[in-house]
Amino acid sequence: MRDSSLANEFHAGYRPGVIAEIVQLHMDYYGPVWGFGIPFETGLATGLGAFLAGYNDELDLLQCARDKTGALLGAIAVSGRDRFPDTARIRWFIVADRAQGSGLGAGLFQTALSFCRDADFQSAWLTTFEGLEAARALYLKTSFRLTGEADEDEWSGGVREQHYELRFY
(Lines give C-alpha, C1' and ligand atoms only; values in the text may rest on other atoms or scores of the structure.)
Protein backbone atom coordinates (compact mmCIF):
# COMPACT_ATOMS: atom_id res chain seq x y z
CA MET A 1 0.00 0.00 0.00
CA ARG A 2 2.87 2.38 0.64
CA ASP A 3 3.82 2.40 -3.06
CA SER A 4 1.10 4.94 -3.82
CA SER A 5 2.72 8.33 -4.31
CA LEU A 6 -0.57 10.05 -3.51
CA ALA A 7 -1.10 8.55 -0.05
CA ASN A 8 0.79 10.18 2.76
CA GLU A 9 -0.97 8.77 5.82
CA PHE A 10 -2.66 5.49 6.70
CA HIS A 11 -4.77 4.96 9.79
CA ALA A 12 -7.01 2.31 11.22
CA GLY A 13 -10.23 2.80 13.14
CA TYR A 14 -12.54 5.68 13.75
CA ARG A 15 -11.72 9.35 13.36
CA PRO A 16 -14.30 12.12 13.62
CA GLY A 17 -15.97 12.66 10.26
CA VAL A 18 -14.77 9.42 8.67
CA ILE A 19 -18.29 8.06 8.12
CA ALA A 20 -19.26 11.12 6.10
CA GLU A 21 -15.99 11.01 4.16
CA ILE A 22 -16.40 7.36 3.20
CA VAL A 23 -20.02 7.91 2.22
CA GLN A 24 -18.95 10.91 0.10
CA LEU A 25 -16.27 8.89 -1.74
CA HIS A 26 -18.87 6.23 -2.54
CA MET A 27 -21.42 8.78 -3.72
CA ASP A 28 -18.83 10.63 -5.83
CA TYR A 29 -18.47 7.44 -7.88
CA TYR A 30 -21.68 5.45 -7.55
CA GLY A 31 -24.01 8.43 -7.91
CA PRO A 32 -22.91 9.74 -11.31
CA VAL A 33 -21.57 6.48 -12.78
CA TRP A 34 -24.26 4.03 -11.60
CA GLY A 35 -27.16 6.32 -10.69
CA PHE A 36 -27.27 5.24 -7.05
CA GLY A 37 -29.20 7.63 -4.84
CA ILE A 38 -30.96 7.89 -1.49
CA PRO A 39 -31.45 4.16 -0.78
CA PHE A 40 -27.77 3.46 -1.41
CA GLU A 41 -26.48 6.46 0.50
CA THR A 42 -28.67 5.94 3.55
CA GLY A 43 -27.95 2.20 3.60
CA LEU A 44 -24.23 2.90 3.39
CA ALA A 45 -24.31 5.48 6.18
CA THR A 46 -26.50 3.30 8.42
CA GLY A 47 -24.39 0.18 7.89
CA LEU A 48 -21.09 1.95 8.36
CA GLY A 49 -22.39 3.71 11.47
CA ALA A 50 -23.55 0.43 13.00
CA PHE A 51 -20.21 -1.17 12.15
CA LEU A 52 -18.24 1.58 13.87
CA ALA A 53 -20.61 1.68 16.87
CA GLY A 54 -19.73 -1.95 17.59
CA TYR A 55 -16.11 -1.80 16.40
CA ASN A 56 -13.85 -4.45 17.95
CA ASP A 57 -10.09 -4.16 17.24
CA GLU A 58 -9.69 -7.93 17.34
CA LEU A 59 -12.44 -8.71 14.82
CA ASP A 60 -12.80 -5.54 12.77
CA LEU A 61 -10.66 -3.23 10.68
CA LEU A 62 -11.33 0.13 9.10
CA GLN A 63 -8.25 1.19 7.12
CA CYS A 64 -8.08 4.63 5.53
CA ALA A 65 -5.52 6.34 3.29
CA ARG A 66 -5.16 10.11 3.12
CA ASP A 67 -3.15 12.54 1.04
CA LYS A 68 -0.80 15.13 2.52
CA THR A 69 -3.68 17.58 2.98
CA GLY A 70 -5.65 15.02 5.00
CA ALA A 71 -8.22 14.32 2.27
CA LEU A 72 -9.49 10.75 2.17
CA LEU A 73 -8.12 8.81 -0.81
CA GLY A 74 -9.48 5.38 0.00
CA ALA A 75 -10.91 3.06 2.61
CA ILE A 76 -11.69 -0.57 3.28
CA ALA A 77 -13.29 -2.40 6.18
CA VAL A 78 -13.23 -5.93 7.52
CA SER A 79 -16.10 -7.04 9.70
CA GLY A 80 -15.46 -10.22 11.62
CA ARG A 81 -18.93 -10.41 13.13
CA ASP A 82 -21.18 -10.33 10.06
CA ARG A 83 -21.51 -14.00 9.26
CA PHE A 84 -19.73 -16.76 11.17
CA PRO A 85 -17.01 -16.72 13.84
CA ASP A 86 -14.34 -17.94 11.42
CA THR A 87 -15.37 -15.81 8.44
CA ALA A 88 -14.77 -12.11 7.81
CA ARG A 89 -16.66 -9.82 5.47
CA ILE A 90 -14.80 -7.21 3.42
CA ARG A 91 -16.88 -4.06 3.00
CA TRP A 92 -16.90 -0.41 1.98
CA PHE A 93 -13.88 -0.70 -0.32
CA ILE A 94 -13.46 2.55 -2.22
CA VAL A 95 -10.68 4.56 -3.85
CA ALA A 96 -11.03 8.19 -4.94
CA ASP A 97 -10.99 8.78 -8.70
CA ARG A 98 -7.68 10.64 -8.50
CA ALA A 99 -5.98 7.68 -6.79
CA GLN A 100 -7.26 4.97 -9.11
CA GLY A 101 -4.48 3.19 -10.96
CA SER A 102 -1.90 4.21 -8.33
CA GLY A 103 -1.78 0.85 -6.54
CA LEU A 104 -3.58 2.27 -3.52
CA GLY A 105 -6.61 0.01 -3.96
CA ALA A 106 -4.46 -3.12 -4.23
CA GLY A 107 -2.56 -2.02 -1.13
CA LEU A 108 -5.72 -1.40 0.88
CA PHE A 109 -7.07 -4.77 -0.22
CA GLN A 110 -3.86 -6.55 0.80
CA THR A 111 -4.02 -4.81 4.20
CA ALA A 112 -7.53 -6.20 4.67
CA LEU A 113 -6.45 -9.71 3.67
CA SER A 114 -3.43 -9.56 5.99
CA PHE A 115 -5.70 -8.50 8.84
CA CYS A 116 -7.98 -11.48 8.12
CA ARG A 117 -5.07 -13.90 8.14
CA ASP A 118 -3.52 -12.39 11.29
CA ALA A 119 -6.90 -12.61 13.05
CA ASP A 120 -7.06 -16.32 12.10
CA PHE A 121 -10.18 -16.11 9.98
CA GLN A 122 -10.51 -19.19 7.81
CA SER A 123 -12.18 -17.32 5.00
CA ALA A 124 -13.35 -13.93 3.78
CA TRP A 125 -16.28 -12.93 1.62
CA LEU A 126 -17.61 -9.83 -0.09
CA THR A 127 -20.49 -8.74 -2.23
CA THR A 128 -20.17 -6.56 -5.27
CA PHE A 129 -22.00 -6.26 -8.54
CA GLU A 130 -21.51 -7.03 -12.18
CA GLY A 131 -19.70 -4.32 -14.12
CA LEU A 132 -16.99 -3.30 -11.66
CA GLU A 133 -14.22 -4.81 -13.76
CA ALA A 134 -11.16 -3.36 -11.98
CA ALA A 135 -12.44 -4.63 -8.64
CA ARG A 136 -13.30 -8.01 -10.14
CA ALA A 137 -9.77 -8.35 -11.55
CA LEU A 138 -8.31 -7.56 -8.12
CA TYR A 139 -10.54 -10.11 -6.40
CA LEU A 140 -9.62 -12.83 -8.88
CA LYS A 141 -5.92 -11.93 -8.73
CA THR A 142 -5.98 -12.43 -4.94
CA SER A 143 -7.63 -15.87 -5.33
CA PHE A 144 -11.20 -14.93 -4.50
CA ARG A 145 -13.70 -16.94 -6.47
CA LEU A 146 -17.15 -16.02 -7.63
CA THR A 147 -19.52 -18.24 -5.65
CA GLY A 148 -22.88 -16.82 -6.59
CA GLU A 149 -24.88 -14.28 -8.52
CA ALA A 150 -28.37 -13.02 -7.89
CA ASP A 151 -30.77 -10.42 -9.11
CA GLU A 152 -30.94 -9.14 -5.53
CA ASP A 153 -29.81 -5.56 -5.37
CA GLU A 154 -28.82 -4.40 -1.90
CA TRP A 155 -27.56 -1.17 -3.50
CA SER A 156 -30.94 -0.23 -5.05
CA GLY A 157 -29.27 0.67 -8.31
CA GLY A 158 -30.63 -1.98 -10.68
CA VAL A 159 -27.46 -4.09 -10.64
CA ARG A 160 -26.78 -7.84 -10.49
CA GLU A 161 -25.23 -8.83 -7.17
CA GLN A 162 -22.14 -11.05 -7.04
CA HIS A 163 -20.74 -12.96 -4.06
CA TYR A 164 -17.00 -13.73 -3.82
CA GLU A 165 -15.19 -15.91 -1.27
CA LEU A 166 -11.60 -16.73 -0.35
CA ARG A 167 -10.49 -19.59 1.89
CA PHE A 168 -7.23 -19.01 3.71
CA TYR A 169 -6.76 -22.55 5.02
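How many bridges join β1 to strand β2 (residues 60–66), and do the two run parallel or antiparallel?

A: Happy to walk through it, keeping in mind that this is a predicted model. β1 and β2 are joined by 4 bridges and run antiparallel. Within this pair, F10 stands opposite A65 in β2.

Now for the sheet around them. It is an open sheet of 7 strands with mixed pairing, in the order β1-β2-β3-β4-β5-β7-β6. β1 (9–12) and β6 (145–150) are at the edges with a single partner strand each, so one side of each has no neighbour in the sheet. From one strand to the next, the twist averages 20°.

Further along the order, strand β3 (residues 72–79) pairs with β4 in the antiparallel sense over 5 bridges, and here V78 has I90 in β4 as its bridge partner. On to strand β5 (residues 123–129): β4 and β5 run parallel, with 3 bridges between them, and R89 has W125 in β5 as its bridge partner.

Strand β4 (residues 87–95) is mostly covered, with 9 of its 9 residues buried. I90 is among the residues with the most contacts inside the largest nonpolar core, which has 52 residues. Helix α3 (residues 104–118) gives the most to this core, with 7 residues. Beyond its close sequence neighbours, I90 is in contact with residues including V78, F109, L113, W125 and F144.

Finally, helix α4 (residues 133–141) lies across β4, β5 and β7 (161–167), running at about 25° to β7.

Conventions
Residues are numbered from 1 along each chain as its sequence is written. This is a predicted model: local features need pLDDT of at least 70, side-chain atom pairs count only at pLDDT 80 or more; totals for chains, interfaces and linings use all residues. Side-chain values use heavy atoms; hydrogens and water are left out. A nonpolar core is a set of buried Ala, Val, Leu, Ile, Met, Phe, Trp, Tyr and Cys residues joined through side-chain atoms within 4.5 Å. Buried means under 20% relative accessible area, exposed over 50%, partly exposed in between (1.4 Å probe, protein chains only). Contact means heavy atoms within 4.5 Å. Two strands pair if DSSP finds at least two bridges between them. Axes are lines fitted to C-alpha atoms, for helices over the stretch in contact, and angles run from 0 to 180 degrees between N-to-C directions. Lists of a residue's contacts leave out its neighbours within four places in sequence.
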